[in-house]
Amino acid sequence: MIVVYKGVNIFYTEKGIGSTVVLLHGFLENLTMWNGLVEEVSKRNRVITIDLLGHGKSDCLGYVHTMEDMAEAVKQVLTHLRIRKAIFVGHSMGGYVSLAFANKYLKNVKGICLMNSTAQPDDDERKEIREKANKIVRKNFNMMVKMAINNLFASTSKELFSNEIEKVLNEALKTPVRGYMASNEGMRLRKNSEEVLEQIQKRIIIAGKEDPILNYESIKREATRTNTDLKVLDNGHMSHIENKKELLETLLEFIRS
Ligand code: MLT
């Protein structure tokens, strides 16, 4: 289904009845990443999945997609569906978007699960990597996407989940180069959201001990600083693939608590 936000199409799906859970995908992903989880969650909840700006079947809007822009597109979907309050589960960039949403619409947020995500901004090194990536991605899109996807999995997962990784890559390659660049820049610009996280009544961080892009020790300190529940899984950045069963259990417990 589609809603129009600032003249561009935003694609979403809806399934089930009950209190609402909004699932937001990460960078170079799209709402199909949730396919293996929606069935179970929607047995007792209304589940909304949304293609964020410049991803999946949603259009690009300008040349920079800030986390705030993406959050406004999410708000448009929820307003259209007359949803007043929801639990947000954000995978990686989807977590940054959830926090941007909470910053502006706190009263509409019942809870946030940062799944392989963080309220911390980029450090200088990561900012530089993003700048470099945006300089070369126009000419080397396939290579850059391959590298990015390969870098999301724990080394022990690479062989074990080679078929799934291939599927993730195929979905990622559908992202338009403008979507890549606009989100990458939007993520680079994001601010620290720890104070936002602290204001959300119900909150959890799901961290991968072997996450190659989010340092586990740093996430652990963040959880302590913000007094946020922390669930640690023995996998990389892609919990929904590398550790689906335990992830699902954790999500259901959080959503239904
Ligand atoms: C993601 O998986 O959404 C991104 O890799 C997160 C990031 O680059 O910070």
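Guide: A residue is called buried when its relative accessible area is under 20%, exposed when that area is over 50%, and partly exposed in between, using a 1.4 Å probe and protein chains only. This is a predicted model, in which local features need pLDDT of at least 70 and side-chain atom pairs count only at pLDDT 80 or more, while totals for chains, interfaces and linings use all residues. Residues are numbered from 1 along each chain as its sequence is written, and side-chain values use heavy atoms, with hydrogens and water left out.

Visitor: Is glutamate 246 buried, exposed or partly exposed?

Guide: The relative accessible area of glutamate 246 is 29%.

Visitor: Which residue meets glutamate 246 in a salt bridge?

Guide: A salt bridge here is a side-chain nitrogen of Lys or Arg within 4 Å of a carboxyl oxygen of Asp or Glu. For glutamate 246 the N to O distance is 3.7 Å, and the side chain that it meets is that of lysine 231. The pair links distant parts of the chain, 15 residues apart, with glutamate 246 in helix 12 (residues 244-256) and its partner in strand 8 (residues 229-233); helices (H or I, at least four residues) and strands (E, at least two) are DSSP runs, numbered from the N terminus.

Visitor: How far apart are the closest N and O atoms of aspartate 122 and arginine 190?

Guide: Aspartate 122 lies in the loop between strand 6 (109-115) and helix 4 (124-136), and arginine 190 in the loop between helix 8 (177-189) and helix 9 (194-199). Aspartate 122 is buried at 7% relative accessibility, and arginine 190 is buried at 9%. Both belong to a network of salt bridges together with Arg130. The closest N and O atoms of aspartate 122 and arginine 190 are apart by 2.7 Å.

Visitor: How many disulfides does the structure hold?

Guide: A disulfide is a covalent bond between the sulfur atoms of two cysteines, and the rule applied here asks for a pair of cysteine sulfur atoms within 2.5 Å. Cysteine 60 counts as buried at 16% relative accessibility, and cysteine 113 counts as buried at 1%. The number of disulfides in the structure is 0.
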